[in-house]
Structure formats: C-alpha cells, structure tokens
Amino acid sequence: MTSSRAAIATLVALLLAAATFIVVEIANGAVDAGSLAVRNPCDPRAPFPGQGFDAALQRIVLDGLDGAACELDATREELVLSLAPRSGAEPIRWDDETIERAVRAGLLEAIDDAEERGSLNAVVAVLLREVVERAPVQWLIDGGQGIADLFG
Amino acid sequence: MEAPAVGERPKRPLRRSLQLVAVALAVAVAFADSSIVVLALPEIFTEFATTIEGVAWVITSYNVVVAVCALALVLAVHRMRARLVLAVGALVFLAASVACALAGSLGVLIAARSVQGIGGALLLAGSLPVLGEIAGSSARGVAVWTAAATIGAAVGPALGGALTQVFDWPAVFAVQAPIAGATLLVAFGAHAGATQKERTGAPLLPVAPANLCLALIFGALAGTLFLGVLLVINVFGYSPIQGALIVSLIPAGTLLASPLAAGLSLALAVGGGAALLAPGLLGLALLPSTDIGYAMVAFALCGVGLGLSVPRLTTAVLGDGNDIGRRGTLTVGARHLGLVVALAVVAPILASDLTASSDVAVLNATAVVVDGRISATTKIPLALDIRDVLDQASESEIPDFTAVFEEHGSETDPAVRRVQDDLVDAIAEAITRGFRASFSFCALLAALAIGATIVFRRRLAP
C-alpha cells in the first residue's frame, strides 16, 4: 500500500470512528440529556417508598403537592419554588391565596387517600386535617421539620 | 549584511535558531491571544464588577481589531519593510501587554486589548517575510509560521487558564511582554535593513477559496476553544489546570494529524479535516452526560480535524513565497474575521440558552431534592439551604453545594450523598444542554467548510 493509500485508509477509519462516536452518544441518551425532567402532576406516580411516619408524611405531602400543582396547571416543582419565593429562577404565577387554597386542597385529598389505603390511622388523619385546614402554608413549610420531629 | 539567498543554508545556526524561536513564539502568542483570556474572564468579571456582555469585549475587541487591521494592511504591507512592520508590531504589542496587565478598570483593559490587536496584526503581518529570511527560505519560514499559528491558536485557552490559576489574570498578559521584547530585539538585530523587496501585484483572488475555508474553520474553532473551555471548567467543575490538560487534546490531535495530512491531497486533507471537526463539535453538542470521556473524544476529533486542514490550507494560501507579506496578512485577517463572526453569532445564542437552561436546571434540581430518598427532617432544611446557595450564586458558575450537603450529613449518610450527586448531575446536564445550539452552529460552520472544499476543490491551491 502506498503512503497515500495508507493516509486515505486512516482518514476513512477516523471518519468512521467519528460517526460511531456520535451514534454511541445518541444511544446513551444524548437527545434527551439535560432536558426538562419533571413529570405531569396529574399523572399517577409511584408513592414515596419507605416505612414509618416520616415516609407516610412525605407520601401525603408529595401527593398533596401533585394534586395542588395539577389544579394550578403547573408542575410540582414550579409550585415548590413558588412556596420558596426567594429562589428567583421561576416567576411566581399565582397569588398567595390561590397557592394556599390549592395546597390545602391537595393535602386534604392526599390525607383522605392515605387514610383509605390504611397508611394513616383515623386519629392522626383528623389531627393532620386540622393542621392543614388551619395553619398558614408558610408555617407548614417552615414547621414541617418540627411536625416530623414530633411524630418521628 | 545581505540576507541569504533562497535555499542557502543559514550561517551561525544557534543565533538564527534563537531568532527563529523568538519570532515563532511571538506569532504563537499573537494567535493565542484570540482566546488566551477566556479562562480569566470569571476573575476579570468579579474584579471589575461588570456584566457578561462587558467582559466579553476583552476577547472580542482584540479579534475585531486584528481582523480589521490585517485586512487594511493587505493594501499596504508590501510597500513596507517587513522588519520595520515586525518591530513596530512587537513594540505596540509589548506596550499593550503591559498596559493590559496593569489595567485598573474594564475600560482601560478593553482599550489596551484593542491596541494589542493593532500590535498583533502588525506583528503577524511582518513576521512571515522575516521568518523566511531567518530560516533561509520562504518555505521553511512558512512551515514555522504555520506550525506556530496552529499550535498557538489551539493552546491559547489552556495556557491562559494555567497562568490564571497559578498566578492571576494579569499574568496572562505579563508573560507576553518579554516574548514581544525578544521579537523586538530580533527585528532590530544585525540583519536590520536586509529585508528583500517582495514581488507584488499579483491578484489575491486565487487565494480567496482557501481563505474562505480558513475563515469557516476558525469560526468553528471558536466553538472548540471558547465553548469547550467554558464547559469543562465552569460547568463540569474542573480547575483551570485540569481543564488545560483536557483541552490540550486539541493541540495533541493537531500534532498527530500532521504526518497524515502530508499523505493526502489538499482537497482531501481540508475536506477530511473539516469532516472530523464537524462531528467533534456535534459530539460536544450531543454530550449525553457530564462524563468527561465524551468531551475528551470530541476534543481529540476537533484537534485531528484542525491538524489535517489548517496547516495545509495555510501553506496553500501562502504559496511559493511570492507576495508573502500580503498573502500572510490576508489570511490573518480572514481567520480573525471568521472568529469574530462566529463569536458575534454564538455569544447571544449562548447567553439566551443558558438563561433558559438555568431555569430547567432549577426545576430538575428541585425534582431531585423533592423526590430524594431522605427523611423529611433532613429534606426540608436541606432544600431551604440549597435555595439560599442558589440565590447567592453568580450567573457565570454552577454553585458549590458541598458545604451545604456536608452540613446535612453527606459524609456519613449515603442517601444524602446520593441526593447531592444527583443534584449536581441534574444541574450540570441541564446547563450542558444550554451549549447545544452554540456547538451545533460551530459544527455547521465546519460543515460549510466541507461544502466550500467540494465546490472549490480545484481552486484551493492558486
């Protein structure tokens, strides 16, 4: 083989390697990498795993946030960011009253579901309903740790 | 003293070798200056408390001035003594480099960079004939100039990054002053006045196709260098020196490709080089994760592509040594014009996409924390602390969450550590996607270079 033919063969091999590289990247998820990865809150999703009160509380809160976000036609993540308004990446699209109403409704529905599934006993469910109906939403966020400590 | 005739072996080889190295280094630095400051931009941004658009002018001003001055010099450079042009260029470059290093405000820095661009254009315009004279033949001078130009352009960001990390951003400019000073000594050396008169008057139109390819490839190079370095350091979180090592795959690929280029026809070398540069850039646009291995393969492809195409195109543009001053100056102008046009397009695309991808990053990061398999007693205060870190982060970098996660037990609790890793990946991947359109545009420039090579395949060499 002449040096020219060897050079052409090397170039062809490099071009094939480059094409293979792109195919490998696409096969490893390049098309969707880094895209928005939040789910539709109106679609059912697997419940938060785990045993005990902490996991049960998180299941209720996450289900409640999903229900509220679905009602507001938003994602759960947008709603969470709206509840923590100092993170300025996303503009808040709702007034406080709308958010509170949606969050309370979502949480109450989640408590009902948890009670129906047997994840919560009736006494705790009543207590939680009282808290959700009466407490300010910001208190629920800031006080979440305290509630969990109380029951955990 | 008379200059040696073309083809005659030079006398006093050590002295001439030193002169050759000095001028070649100055050529490399003048080309490196197009991108050398890119890794110092975060420090300059912080020190002068400016805007991203303002700090970008530290790069843009140099490239615009070099392009404009070089294209203007094409009309006059053949009437000037090359050593005088080189000397004036080196003097202006030296003074401007010192002024850049001492700049106390962004306005002064941008002004000094503009003056440095004038010096760079003059230095590059005068260097080719002088290198030919020192090396003993135009062909050897062209070979040295081409190698210095290619390597200089490719190592610029890495060199600047290393200097910024070890010292500070003024060091990027301070180290250039002695190199320009050495070139000044060469220009005023024993052979001053021996510059041969160039044969001129030949139209430059025949070298237009090759210069068009060079402009397109250097536009694509903007993607490889500017965007690639920003990605590796500001998004993937590598230190400037680590980033310099990763990006050094570009000059390594360039060097490895040289023997291969010699065995190919000009059109095949240029077209093949652009055809490797395009998938290299596309590979950077389509990174599936923040795994640095993908980026390293892409950088190596870009380096091989540049090594195949740029030296052969440069040799074709400069030809047999006739009218070398004008031809060299024209190609300097064409390259920097390509860079400037690419930067002018890429900068607003990147700025807009990064804003959008930052919003996606925050939403994806929120999902990671909300769904994290950690207790509510850890999750809620952690989420509030992450929010505070995000609020305090500057626009130009991904915030460091290490301290926050350590405070909440990442060193002892694997679940917290997992959330930390997922959070950092979610943010980095979203921001990486923000580079996609910019890299794709640069890949398009490389694809256009393939098209130009096919169309002008018989006219690449005048």
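Colleague: Is the crossing in which H12(B) passes H18(B) left-handed or right-handed?

Modeller: Bear in mind this is a predicted model, where local features need pLDDT of at least 70, side-chain atom pairs count only at pLDDT 80 or more, and totals for chains, interfaces and linings use all residues. Residues are numbered from 1 along each chain as its sequence is written, while chains are lettered from A and ligands numbered from 1 in the order in which they are written. A crossing is left-handed if the near helix is turned anticlockwise from the far one by less than a right angle, and right-handed if clockwise. The way H12(B) passes H18(B) is left-handed.

Colleague: How are H12(B) and H18(B) oriented to each other?

Modeller: Helices (H or I, at least four residues) and strands (E, at least two) are DSSP runs numbered from the N terminus, and axes are lines fitted to C-alpha atoms, for helices over the stretch in contact, with angles from 0 to 180 degrees between N-to-C directions. H12 (residues 266-285) and H18 (residues 436-455) of chain B have axes that come within 8 Å and cross at roughly 165°. Angles under 35 degrees count as roughly parallel, over 145 as roughly antiparallel, 65 to 115 as roughly perpendicular and the rest as oblique. H12(B) and H18(B) are therefore roughly antiparallel.

Colleague: And how is H1(B) oriented to H8(B)?

Modeller: H1 (residues 13-32) and H8 (residues 176-187) of chain B have axes 9 Å apart and pack at about 135°. That makes the pair oblique.

Colleague: Which residues of H8(B) does H1(B) meet?

Modeller: Contact here requires C-beta atoms, placed from the backbone, within 7 Å. From H1(B) come B:Gln19, B:Ala22, B:Val23, B:Leu25, B:Ala26 and B:Val29. On H8(B) they meet B:Gln176, B:Ile179, B:Ala180, B:Ala182, B:Thr183 and B:Val186.

Colleague: How many helices does chain B have?

Modeller: Strands don't come into it, as chain B has 0 of them. Its helix count is 18.

Colleague: What is the radius of gyration of chain B?

Modeller: The C-alpha trace spans about 85 × 45 × 35 Å along its principal axes. The radius is taken over C-alpha atoms, and the globule rule is 2.2 Å times the number of residues to the power 0.38. For 462 residues a compact globule would come out near 23 Å, which agrees with the value for chain B, 24 Å.

Colleague: Is B:Thr315 buried, partly exposed or exposed?

Modeller: B:Thr315 sits in H13 (residues 292-318) of chain B and touches B:Val142 and B:Thr146, leaving out residues up to four places away in sequence. Buried takes 20 or more other C-beta atoms (placed from the backbone) within 10 Å of a residue's own, exposed 12 or fewer, and partly exposed lies in between. B:Thr315 has 19 C-beta neighbours inside 10 Å, so it counts as partly exposed.

Colleague: What is the phi of A:Asp73?

Modeller: A:Asp73 is in the loop between H2 and H3 of chain A and is exposed, with 10 other C-beta atoms within 10 Å. Most residues other than glycine have a negative phi. A:Asp73, which isn't glycine, has a positive phi, near 55°.

Colleague: Which helix supplies the largest share of the side of chain A that touches chain B?

Modeller: Across the interface, 46 residues of chain A are in contact with 41 of chain B. H1 (3-27), H2 (52-71), H3 (76-83) and H6 (137-151) of chain A each supply at least two residues of that side. The largest share, 15 residues, comes from H1(A).

Methods: Two residues are in contact if their C-beta atoms, placed from the backbone, lie within 7 Å.
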